[in-house]
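Subject: Structure handover

Hello,

Here is the structure I promised to pass on to you. Have a look at it first, and then read on for what turned up.

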Amino acid sequence: MSEENNRIALICASNQNRSMEAHYFLMNKGIPNVRSFGTGRTCKLPGPSQDKPNIYPFGTSYQKIFEELKTQNVDLYKSNGVLKMLERNAKVKDAPERWQDEKKQHFDVIITFEDRVFDAVCEDLRTREKEGFQMVHVFNINTKDNHEEATVGANQAYQLITMLSNTKEWRERLDQIICDFTDKAKGKKIEHSVGFY
């Protein structure tokens with residue numbers, strides 16, 4: 001799998017933190033053909049308290065969310081890193097996208113960052129109408145939803161993509177690649193599944 005031909009999707013719940021940190025990281029490493037998504041019904045961001053998150057529909061621009069939160073409480077959202085995160089996101093693309101709404105593009109590799117997101121993607125692939133039974137490999141690198149862990153998860157996603165790209169006939173050698181990745185990631189396990197378009 002050469003890097004030029006990879007079609008990569010990075011997916012978390014809201015397309016705000018983990019998938020966007022990985023998207024930004026891969027973009028800065030010069031990896032082409034990368035997109036990112038969320039699987040939730042809406043995008044949730046930290047609010048003034050844990051039981052009062054800020055909720056936005058997918059498609060609301062990162063810039064608009066930034067401006068609204070800045071007006072709402074600039075000190076809070078600056079101190080918890082949300083404004084910085086939104087500024088980063090706006091450098092990558094205009095707005096968060098929902099995985100279930102993307103019906104046209106097919107991917108070779110999908111990386112999720114949470115068990116329930118992995119399950120949602122696998123279920124979505126199982127229930128989609130099949131066009132040509134093109135195979136897609138889905139990997140899950142479980143990553144806590146905070147800024148520090150998102151950075152670690154982004155680096156691990158890059159390592160996995162690099163390992164796949166550097167291995168001839170990687171589909172036949174996936175077991176070994178997953179083993180090698182686990183060793184490199186100091187025992188962090190990844191889940192793997194196969195889906196079809």
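Which residues line the second largest pocket? Please keep in mind that this is a predicted model. The lining is made up of Asn17, Glu21, Gly81, Lys84, Met85, Arg88, His147, Ala150 and Thr151. Helices H3 and H5 are the elements that give two or more residues to this lining. By class, the second largest pocket is lined by two nonpolar, four polar and three charged residues, and its volume is about 160 Å³.

Now for the largest pocket, which holds about 480 Å³ of space. It is lined by 21 residues, and Ser14, Lys44, Leu45, Pro46 and Asp145 are the closest to its centre. Strand E3 (43-49) and helix H3 (82-92) each contribute at least two lining residues here, with E3 giving the largest share, three residues. Seven of the lining residues are nonpolar, eight are polar and six are charged.

The other thing to show you is a helix pair. H5 (residues 147-165) packs against H6 (residues 174-184) at an angle of about 145°, and their axes are 10 Å apart. The crossing of H5 with H6 is right-handed. On the H5 side, the contact involves Gln156, Gln159, Leu160, Met163 and Leu164, while H6 brings Leu174, Ile177, Asp180, Phe181 and Lys184. Six residues of this contact are nonpolar, two are polar and two are charged.

Enjoy exploring it, and do write back with your thoughts.

Best wishes

Definitions and conventions. Residues numbered from 1 in each chain as written. Predicted model: local features only at pLDDT ≥ 70, side-chain atom pairs only at ≥ 80, totals over all residues. Heavy atoms only, no water. Axes fitted to C-alpha atoms, helices over the stretch in contact; angles between N-to-C directions. Helix = DSSP H or I, 4+ residues; strand = E, 2+ residues; numbered from the N terminus. Left-handed = near helix turned anticlockwise from the far one by under 90°. Contact = heavy atoms within 4.5 Å. Nonpolar A, V, L, I, M, F, W, Y, C, P; charged D, E, K, R; others polar. 1 Å grid on protein atoms, 1.4 Å probe; cavity = no way out; pocket = protein on both sides within 12 Å on 5 of 7 lines; lining within 4 Å. Points joined across faces, edges and corners; volume = space filled by probe spheres on them.
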